[in-house]
Amino acid sequence: MSELILICTSYLFFIPYQRQQAIAERRKRLLAIQTQLDEQQEQLDRESSAIMMDIKAVGLTDNNSEEINLAVNTYQEHHELGILQEQYVKLKSQLALLDKKLADRYGDRYQEIKQQWEKAKTWYNQKKVEADASGVIPLQQKQIEIEKNIGELGSVAARKEEQIKQGFKEIWKSKDSVIKR
C-alpha cells in the first residue's frame with residue numbers, strides 16, 4: 001500500500017514538473033522569436049534611415065527639393081514617434097505586470113503603500129500648483145523663515161549675553177567691596 005502511495009505521489013509531482021518544463025520551453029521559444037523580431041526591426045530601421053539619408057544627400061535642385069526634404073523629415077519624425085509609442089506600450093505592459101506581481105506577492109500591504117503613494121503624489125501636485133500660483137518657491141520661503149528665526153535667536157542670545165555680563169560685573173563689584181572692607 002505504501003508503495004502505491006509513493007508511486008502516486010511521485011506521479012503527481014512529475015506532472016507539474018512536465019508542465020513547468022513545457023512552459024519554460026515555450027517562454028524560451030517566445031524570447032527567441034521576440035529577439036529575432038527586434039533584430040529584424042532594427043535592421044529595417046537602419047535601412048530606412050539610410051535610404052532617407054541618401055534621398056536627402058542627393059541634393060535635388062529643382063522646385064520640389066524642399067518638399068522632398070520636408071517629406072523625408074516628416075517620415076523620420078513619424079517613424080521615431082512610432083518607435084517611442086511602441087516603447088511606451090512595452091513599458092506600460094511591463095509596469096502592469098510588475099504591479100500584478102507585487103499585488104500577488106504582498107497583497108493588502110502593497111495596496112496600502114500604493115494608496116499612500118497616490119496621496120503623496122496628489123499632495124505634491126497640489127503644493128506645486130499652490131506655489132506656482134503664489135509665485136513663491138516653498139524652499140525660498142522656508143529659507144527666509146529660517147533666517148528670520150536665526151536672527152531672532154541671535155538677538156535673544158545677545159540680550160542674554162549682556163545680562164550675564166551685567167550679572168558678572170555686579171558679582172565682581174560686590175566681591176571687590178567685600179574685600180575692601
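User: How many percent of the 181 residues of the chain count as buried?

Analyst: Of the 181 residues, 4% count as buried. Buried stands for under 20% relative accessible area, exposed for over 50%, and partly exposed for what lies in between, with a 1.4 Å probe and protein chains only. Before we go on: this is a predicted model, where local features need pLDDT of at least 70, side-chain atom pairs count only at pLDDT 80 or more, and totals for chains, interfaces and linings use all residues. Residues are numbered from 1 along each chain as its sequence is written, and side-chain values use heavy atoms, leaving out hydrogens and water.

User: What is the mean confidence, and where is it lowest and highest?

Analyst: pLDDT is the predictor's confidence in each residue, from 0 to 100. The chain averages 82, and 88% of the residues score at least 70. Confidence is lowest in helix 1, at a mean of 75, and highest in helix 3 (residues 108–134), at 89.

User: What makes Leu30, Ile33 and Leu37 a nonpolar patch?

Analyst: Patches take residues with over 30% relative accessible area and no salt bridge; like charges are joined within 9 Å, nonpolar side chains (Val, Leu, Ile, Met, Phe, Trp, Tyr) within 5 Å. Leu30, Ile33 and Leu37 form such a patch on the surface, with about 300 Å² of accessible area together. Areas come from the Shrake-Rupley method with a 1.4 Å probe, and for residues only the protein chains shown count as cover. For the chain, the accessible surface comes to about 16,900 Å², of which 60% belongs to carbon and sulfur atoms.

User: Why is the contact of lysine 121 and glutamate 118 called a salt bridge?

Analyst: The rule wants a side-chain nitrogen of Lys or Arg within 4 Å of a carboxyl oxygen of Asp or Glu. Lysine 121 and glutamate 118 meet at 3.6 Å, N to O, so the pair qualifies. Both lie in helix 3, three residues apart, about one turn of the helix. The structure holds eight salt bridges.

User: How do you know whether lysine 121 and glutamate 118 are buried or exposed, or in between?

Analyst: Lysine 121 has a relative accessible area of 36% and glutamate 118 has 38%. Both values fall between the two cut-offs, so each residue counts as partly exposed.

User: What separates glutamate 161 and lysine 165 in helix 4 (residues 138–180)?

Analyst: About one helical turn, because they are four residues apart. Their side chains meet in a salt bridge at 3.8 Å, N to O. Glutamate 161 is partly exposed at 44%, and lysine 165 is partly exposed at 42%.

User: Which residues line the largest pocket?

Analyst: Gln34, Leu37, Asp38, Gln41, Glu42, Asp45, Ile83, Glu86, Gln87 and Lys90. A pocket is an open set of points on a 1 Å grid over the protein atoms alone, where a 1.4 Å probe fits, with protein on both sides within 12 Å along at least five of seven lines; lining residues have an atom within 4 Å of a point. Helix 1 gives the largest share of the lining, six residues, while helix 1 and helix 2 (65–106) each supply at least two.
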